[in-house]
Amino acid sequence: MSKFDKQTLIDLEFPTVLGWLSNYVIGPTAEKRIAELGPSSDFNAIEEDLKRLDELCNIRRNNEAFPSLDFEELPKEIQALGIKNSVLTPEGFNRVTTASQLCNQLADFFTRKDKLYPLLAELLIETEQTTEIIDQIKSIFDVNWRVIDEASEQLMAIRTEIKHLRNQINKNFEKEVRRLSKGNYLGETRETYHNERRVLTVLASHKRQVGGNVVGSSKTGNLVYIEPQINVPLNNELELQIDEERKEVYKILRELTQRISVYLPLIINYQKVLTEFDFINAKSRLAMELDCVLPGIVHHTEIELIDAYHPILWRNNKLNKKDTIPQRIHLDKKSRMLVISGPNAGGKSITLKTIGLLQLMLQSGLLIPVNPNSHICLFQQILSDIGDNQSIENELSTYSYRLRRMKQFLKVTNRRTLLLLDEFGTGSDPDLGGALAEVFFEELYKKGCYAVVTTHYSNIKLKANALPEATNGCMLF
């Protein structure tokens, strides 16, 4: 059984939180990481992730002038730059420029703030601040990402000739329009375009009076489209020059790509840095929305949640303009198994789910909605048995499912396990269910684990009262 099994994530509605988180990402890399995000038992890595996230939240809370994370990822550009004689598109150069500018801004920010935000600054250690990439690209393109005339002498000459040809073509065309309009040879629109060539709209009855190439006709056949004879050689020459322009632009872009390719390691670093910030930024935006903080992380097994909110309940209540009552829960070595009883609809399950979901969020590197004076440990396993999970496919009744689940728990539970058991022992005859639940409770107690259990069984309450490291809790109606 997995330390963080899928059923526990589903029971505690963790995918709902991931769905919210995915709404804040910019690019596909962070989106994929969020889709795969789950709790970890690598305590050092979790703690570092949480502190790094808290730094970004503090930047937001302090209203620092932090660079806007507006970029597109660079996988195509990185791939192309690693291939000899490849050519980046103008859009690709635009993306590389934006990435370079943004990484320069981030590096500048954290160079000045490295003492305040050391873990975030660490992400930019290998990011060299340079404008060399930007300068080379901008020397070739204008603000609309069109290659400028001055990019090469050959391009300048070609575009000068194209401009001259177009001017001559337009002069000739206007002259023909004026001449033919006097004889009423033209249709009402007088002209149109065909294959990017300017052509006359001639009445079909007068087509033999107009010299030139017939290139088409209207649907009704009343109009004929004719390219004036005087412009035919000029248009042919214009097409040749436009083709020469395409070749020269391609050559310029290929040469620029080769020059930029020497910066490939740095551009790979841009991709790494920006996608990491995208991932952390999404988590920070969710934390700000849910009013989350970083509680104290303790290395001994203890949970003290002060003013803790169930984020899904809190968010739904906020949308419906309802208040949410915070909770305070404390588990330590002297009271590591909490048995919660009380009336139906009293809030037993939501208390259990609050503890479980906040623990999953924290161990997935997310901040949680609690008072900052709260403190919490990290567990190697979080396991739950919540709700009716009978399986028709596997021929399991509710009780059979719960028995199988409990058998698995007994195999893997240890002192660094958090168990969340809702309506412990239900699903069968009350006497049998209560007796079996008591046996399970005793065996789990011997494992030294931490647990939150909701129940209506009196014998479980009595057993919790008798065991020194278990305690009873009761929900008010």
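Helix H4 passes helix H11 in a right-handed crossing, that is, with the near helix turned clockwise from the far one by less than a right angle. This is a predicted model, in which local features need pLDDT of at least 70, side-chain atom pairs count only at pLDDT 80 or more, and totals for chains, interfaces and linings use all residues. Residues are numbered from 1 along each chain as its sequence is written, and side-chain values use heavy atoms, without hydrogens and water.

The axes of H4 (residues 43-61) and H11 (residues 264-289) come within 9 Å and cross at roughly 60°; axes here are lines fitted to C-alpha atoms over the stretch in contact, with angles from 0 to 180 degrees between N-to-C directions. On the H4 side, the contact (heavy atoms within 4.5 Å) includes Arg-52, Leu-53 and Leu-56, and on the H11 side Ile-280, Asn-281 and Lys-283.

I turn now to helix H9. Spanning residues 153-182, H9 reaches 45 Å from its first C-alpha to its last, close to the 44 Å expected at 1.5 Å a residue, where the expected span is 1.5 Å times one less than the number of residues. Among its buried residues are Leu-155, Ile-158, Phe-173 and Leu-180; buried means under 20% relative accessible area, with a 1.4 Å probe and protein chains only. The buried residues of H9 pack against strands S1 (186-194), S2 (197-203) and S4 (223-228) and against helix H10 (232-260). Helices (H or I, at least four residues) and strands (E, at least two) are DSSP runs, numbered from the N terminus.

Finally, Ser-152 lies in the loop between helix H8 (132-138) and H9. Ser-152 is buried, at a relative accessible area of 17%, and touches Glu-248 and Ile-252, leaving aside residues up to four places away in sequence.

How values were computed
Buried < 20%, exposed > 50% of the residue type's maximum accessible area, 1.4 Å probe, protein only.
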